[in-house]
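Welcome! Take a look at the sequence and the 3D view before reading on.

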Amino acid sequence: MPSDCLIWSATWGTALVWGLAEQLPCWEGDHVAPWACCPMNDDTHSCFSHGFTHAQCCHAEGAGLSGCGCKSLYLREVATFLSERPREEAIAAKEVRRFRWRFHPAECSTERLWIALRSASRQADQCSDWEKLHFIVLCGLQAKWWQSDELPHGRQVGVDHFWDLILSTAVKLLSAPRCAQLLTPQEAYENFQRFDSYYTSSTSFRHIADFTWHRALPASPLAPPAQLHGHRTGRPAHATAAPSVHCSVLARLPEDRAQVRAAAATWGRSCDLFEVYVARPADRAPGAWTGTGSSHRGDQVVNLAMEYPVMKVHPDQRGGSKLSPSMQSRRFQTTNLIRKTLAMWHFVGSRSTEENGRFADFVCRLDPDTLFLAERFRRFVQQQGLDRESMVYFGQVHHFMRGLVGYFPDGGAGICLPARALEAFTYLLGFIVHVYSGGNRSKDLPSSCQMLPGHLDDVVTGLCFQKLNLLPHPALVTPLGQNLFNSDVLPRDARSTLGRVEDWSRARRMHHLFQCLSRCVECNCQSLDPKYWVDEKLAISFHGYKNASQMRLAYRYLTRQKKSCCVHEWNGQGTGEDHCHSAKDASEAAPYYTGSCVAEACPENSEGLDLGSGCSCKAGYSGTISPTQAT
């Protein structure tokens with residue numbers, strides 16, 4: 001028996017040590033007294049008090065539970081409760097209340113549940129984790145946390161925290177010995193998925209009359225890791241022509257010119273239509289874009305200021321544009337990106353309806369520093385059996401602000417819509433795009449689908465999708481918890497890919513971490529930053545390539561492109577493969593490529609795909625550049 005009990009203050013989070021002689025009475029009738037930590041014996045033992053202090057009082061005499069060896073009277077009682085119910089039947093709040101508990105609160109208020117949530121993370125051993133999982137689940141069912149507005153910071157934030165604790169505890173228990181007759185980590189994941197489907201992409205929780213905890217698991221919950229990397233879901237792909245993809249890039253010119261040129265010369269070539277959208281005053285209006293390297297397809301710059309009055313009043317910022325690293329603080333930015341994005345969607349959708357020549361099966365909104373692989377996107381929608389009539393959206397779905405604005409797709413990673421979904425979105429925007437609030441400064445976090453000033457265009461786009469009840473496609477994340485659309489650069493281009501479990505929790509991606517660790521222990525996902533848990537062979541997009549040369553190299557890496565001139569003689573007179581000769585190795589004489597078979601990037605102050613394709617000096621610089629030297 002311990003000599004004292006550690007009590008955590010719910011208000012200040014500070015610890016007070018109370019000796020057993022100074023404790024409050026342990027029992028009030030047949031139930032545990034609030035704030036009590038009782039002596040450890042079979043008659044008066046409790047693993048839980050109002051302050052969730054079971055760490056000091058959770059062991060009892062006698063044999064431990066089968067499988068895990070935990071000597072906990074609370075867990076023994078829970079095992080009895082669960083054994084009286086068929087596994088096929090879900091557990092409801094009324095069943096928890098009917099059971100005559102001794103070591104679990106007979107009534108769990110939202111206040112008691114919240115205190116437990118606040119202090120639960122302070123426990124360390126596996127038996128305590130098993131207790132924590134069951135206490136939160138059973139107490140949560142009694143308190144009906146999914147209906148209550150009494151949780152601190154509002155219902156949505158409280159529910160997010162509730163599931164985050166359940167999933168983080170489930171992750172810890174994946175490697176723990178299984179306690180017989182108790183809930184399992186896999187149950188926690190499956191119930192989160194079931195609950196999450198109720199309010200995906202909704203700004204306010206839809207009413208759930210009586211949430212129940214399901215114990216029956218899918219027939220085959222886990223697949224062998226070898227089968228997960230090339231996953232297929234949905235209907236089989238039909239043998240139809242590849243869908244057309246319209247790539248719409250939101251940019252500022254001339255500020256983003258180098259990035260736009262790099263995008264057009266690399267991944268933009270795979271788009272059926274590549275267009276750049278700007279908002280500039282008439283005296284700075286751009287003409288036809290002839291520098292993308294693919295002008296024969298009609299690629300051009302579209303000036304939205306010529307089509308929408310609000311974009312004349314609120315044009316693109318000139319010069320450098322520094323954004324706050326905090327998503328929350330970006331709500332006060334003075335940029336026009338929200339208005340510009342909605343105007344772009346409306347323009348593309350309206351024109352697609354009117355002009356058959358510009359009609360595409362899918363339209364994607366992209367940034368100049370996005371690296372988008374259209375061929376992989378086409379392959380994905382074909383594998384999923386999707387077409388232009390589908391009513392879904394594609395992108396990287398953010399979870400971390402779910403409690404404030406619901407789910408929304410990240411704009412930098414790219415957002416794609418089928419033609420039918422774009423048509424519905426265009427109809428909605430027809431009532432919005434010409435109605436806007438005065439001023440060009442954002443005052444708060446966006447809360448509705450409106451032509452607002454500010455930078456959080458993806459948040460507003462998500463709010464619009466919620467209004468349309470337009471949901472993300474369920475296969476945007478692999479069975480290993482990897483996003484197909486990514487808001488950051490390739491892991492190989494990141495300064496560091498290291499992370500902690502707390503990073504997954506902060507991003508509200510504990511369910512993705514569970515997917516990884518339950519299927520691929522050797523992947524060591526808990527030590528990675530979730531942004532860089534990526535399957536490079538399946539990923540459709542990356543974001544953050546501010547350097548045009550780095551984008552070119554990343555694109556070549558992903559598509560595994562190699563210039564034949566890298567391994568053959570180069571005569572130094574041109575930029576095409578006609579000037580390569582297969583008779584000699586590249587390293588035998590100059591001016592030839594030397595070293596490994598990797599095309600060299602253009603040197604500083606120049607631009608181009610690579611040395612082999614040809615580099616030209618930027619404006620303000622002069623000199624000559626050959627495959628082996630630059631002067």
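Predicted model: local features only at pLDDT ≥ 70, side-chain atom pairs only at ≥ 80, totals over all residues.

The chain has 631 residues, and its secondary structure includes 16 helices and 17 strands.

**The chain as a whole**
- Of the 631 residues, 54% count as buried.
- The accessible surface is about 27,400 Å², and carbon and sulfur atoms account for 50% of that surface.
- If you take the contacts between residues at least 6 apart in sequence, 70% of them join residues at least 24 apart.

**Helices α7 and α16**
- Helix α7 covers residues 257-265 and helix α16 covers residues 548-559.
- Their axes come within 9 Å and cross at roughly 15°.
- Because angles under 35 degrees count as roughly parallel, α7 and α16 are roughly parallel to each other.
- The crossing of α7 and α16 is right-handed.
- On the α7 side, the residues in contact are Ala258, Gln259, Arg261, Ala262 and Ala263; on the α16 side, they are Ala548, Met551 and Arg552.
- Sorted by class, this contact between α7 and α16 has five nonpolar, one polar and two charged residues.

**A look at Gln515**
- You will find Gln515 in helix α15, which spans residues 510-519.
- Is Gln515 buried or exposed? Its relative accessibility is 8%, so Gln515 counts as buried, the cut-off being under 20%.
- Leaving aside residues up to four places away in sequence, Gln515 touches Tyr189, Val477, Thr478, Pro479, Leu480 and Gly481.

Notes. Residues numbered from 1 in each chain as written. Heavy atoms only, no water. Axes fitted to C-alpha atoms, helices over the stretch in contact; angles between N-to-C directions. Helix = DSSP H or I, 4+ residues; strand = E, 2+ residues; numbered from the N terminus. Parallel < 35°, antiparallel > 145°, perpendicular 65-115°, else oblique. Left-handed = near helix turned anticlockwise from the far one by under 90°. Contact = heavy atoms within 4.5 Å. Nonpolar A, V, L, I, M, F, W, Y, C, P; charged D, E, K, R; others polar. Buried < 20%, exposed > 50% of the residue type's maximum accessible area, 1.4 Å probe, protein only. Areas by Shrake-Rupley, 256 points an atom, 1.4 Å probe, with all protein chains shown as cover.
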